[in-house]
Amino acid sequence: MYKPVNLSTDIYYVGVNDRKTSLFENMWPLDKGVSYNSYVIADEKVAIIDTVEAGQFEKWLAKVRAILNGRNVDYLVVNHMEPDHSGAIRILTELYPEMEIIGNKKTIPMIEGYYGITENCKLVKEGDSIELGNNKLSFYQIPMVHWPESMVCFEENNQILFSSDAFGSFGTLDGGIFDDELDFDSYIDEMRRYYSNIVGKYGNPVQKALQKLGGLDIKMIAPSHGPIYRENIERMIKMYDQWSKYEGEEGVVIAYASMYGNTEEMAEVTARAIAEEGIKNIKVYDVSKTHPSYIISDIFKYKGLILGSPTYSNELHPNMESLALKLQHMGISNHYYGVLGSFTWAGAAAKKLNVVAETLKWEVVAEAVEEKHALKADKYEACRELGKAMAEKLKA
Ligand code: FEO
């Protein structure tokens, strides 16, 4: 009992929603859940494009079987080996032992490594294609979007790009599956959070992928997470282009750690000065309260960033240290930057936060402000000057 969802006459959506898992990759919050998208092409030959996370196998297989109606599977296309998509490969090969598994030269060793499968693997190279009848799939590699083996496939007759993690989003598909069936704008924050958290480190590979795929005449983008795009393709590609160039909008994230409110007060004073200069997008986050997932997403959204921390045992506050490390691991570039710090007997936080800017080549808009004990008049003014300098940069 399943009413098929068609992308075209022979192509079906068989993805599933996960509202139970709390953390994606056991790290990133899934308060709106996530979908694992998978597709079946039931032509003269049958191909499945990616599977789902292992725990979702039963409900996914029920959809696949409803489409197949007793037919065998000729091909499983493995666009990406991360287990949220490859988790059902082993059991699928047991159900369909004749099925060929299609991957590139980096995929095949991973299939063996993860699942011990060495037989019936078909190697494809850049630009290779397989004929399914009316449908023809061509393969393009997009290394590091998100793993080295990542690839996409393009169905030539219906001009559908099966884009793997690229253009994916957090958030389940709550009835609407295509972008014109849902409130597209309400997904944008989850799209950017997914991009920034999962793919954000790989801005250059995303740029290369966009250039490579730019030559295709795409009528539909069918990613491995989130909505299928047929109305907002240009908009989606434009957002990906901006995010992967780290081209933030006018706005500032002020993220601080604070034990007893002194660094927090510096953040408040700075934020007020920025607002007085006419900047409206100002997001102030306590890193001990808000998960870095959301802070990082806003750091991708806005051009300005101010980090603040007290000195804690001669180091950064551990929760700020964690965020700063993540930013460095992700290699986020192209930001205006400022630093706030406080200390009780010896200051170290501001120095350490300055190092983040050196590593990531951010443009420092004003000298770091670091206060001993509670905020006093001269450093109050220095916070305001930092805020003004940030606002000036943003407006310029
Ligand atoms: Fe959705 Fe990189 O896996």
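Which helix gives the most to the lining of the largest pocket? Helix H5 does, with four residues. I will come back to that pocket.

First, the ground rules. This is a predicted model, where local features need pLDDT of at least 70, side-chain atom pairs count only at pLDDT 80 or more, and totals for chains, interfaces and linings use all residues. Residues are numbered from 1 along each chain as its sequence is written, and side-chain values use heavy atoms, with hydrogens and water left out.

Now the pocket. Helices here are DSSP runs of H or I with at least four residues, strands are runs of E with at least two, and both are numbered from the N terminus. A pocket is an open set of points on a 1 Å grid over the protein atoms alone, with protein on both sides within 12 Å along at least five of seven lines. Lining residues have an atom within 4 Å of a point. The largest pocket has a volume of about 220 Å³. Of its 15 lining residues, the closest to the centre are Trp 28, Asn 197, Ile 198, Lys 201 and Met 330. H5 (184-199) and H10 each supply at least two residues of this lining. By class, the lining divides into seven nonpolar, five polar and three charged residues.

Next, the cavity. A cavity is a set of grid points where a 1.4 Å probe fits but cannot get out. The search of the whole structure finds one cavity of 30 Å³ or more. The largest cavity has a volume of about 50 Å³. Helix H6 (residues 203-213) gives the most to its lining, with four residues. Among the lining residues are Ile 142, Phe 167, Leu 210 and Tyr 240. What classes line this cavity? Nine residues are nonpolar, with no polar and no charged ones.

Buried means under 20% relative accessible area, exposed means over 50%, and partly exposed is in between, with a 1.4 Å probe and protein chains only.

Helix H1 (residues 57-68) has 12 residues and reaches 16 Å from first C-alpha to last, close to the expected 16 Å at 1.5 Å a residue. Its buried residues are Phe 57, Trp 60, Leu 61, Val 64, Ile 67 and Leu 68. Down the axis of H1, they fall within an arc of 120 degrees, so they line one face of the helix. They pack against strands S2, S3, S7 and S8, and against H3. Just after H1, Asn 69 takes a positive phi of about 50 degrees.

Helix H11 (residues 349-360) also has 12 residues. Buried in H11 are Ala 349, Ala 350, Leu 353, Val 356, Ala 357 and Leu 360. Those residues fall within an arc of 105 degrees seen down the axis, so they too line one face. On the other side of H11, Lys 351 and Glu 358 are exposed. The cover over the buried residues of H11 includes helix H10 (318-330) and strand S21 (336-343). Just after H11, Lys 361 has a positive phi of about 60 degrees.

Last, two single residues. Is Ser 164 buried or exposed? Ser 164 is buried, at a relative accessible area of 1%. It is found in strand S15 (residues 160-164). Contact means heavy atoms within 4.5 Å. Beyond neighbours within four places in sequence, Ser 164 is in contact with residues including Asn 79, His 80 and Met 151.

Pro 97 lies in the loop between helix H3 (89-95) and strand S10 (100-103). Pro 97 counts as exposed, at 52% relative accessibility.

Note on methods: Expected span 1.5 Å × (residues − 1). Arc of directions from axis to C-beta. Points joined across faces, edges and corners; volume = space filled by probe spheres on them. Nonpolar A, V, L, I, M, F, W, Y, C, P; charged D, E, K, R; others polar.
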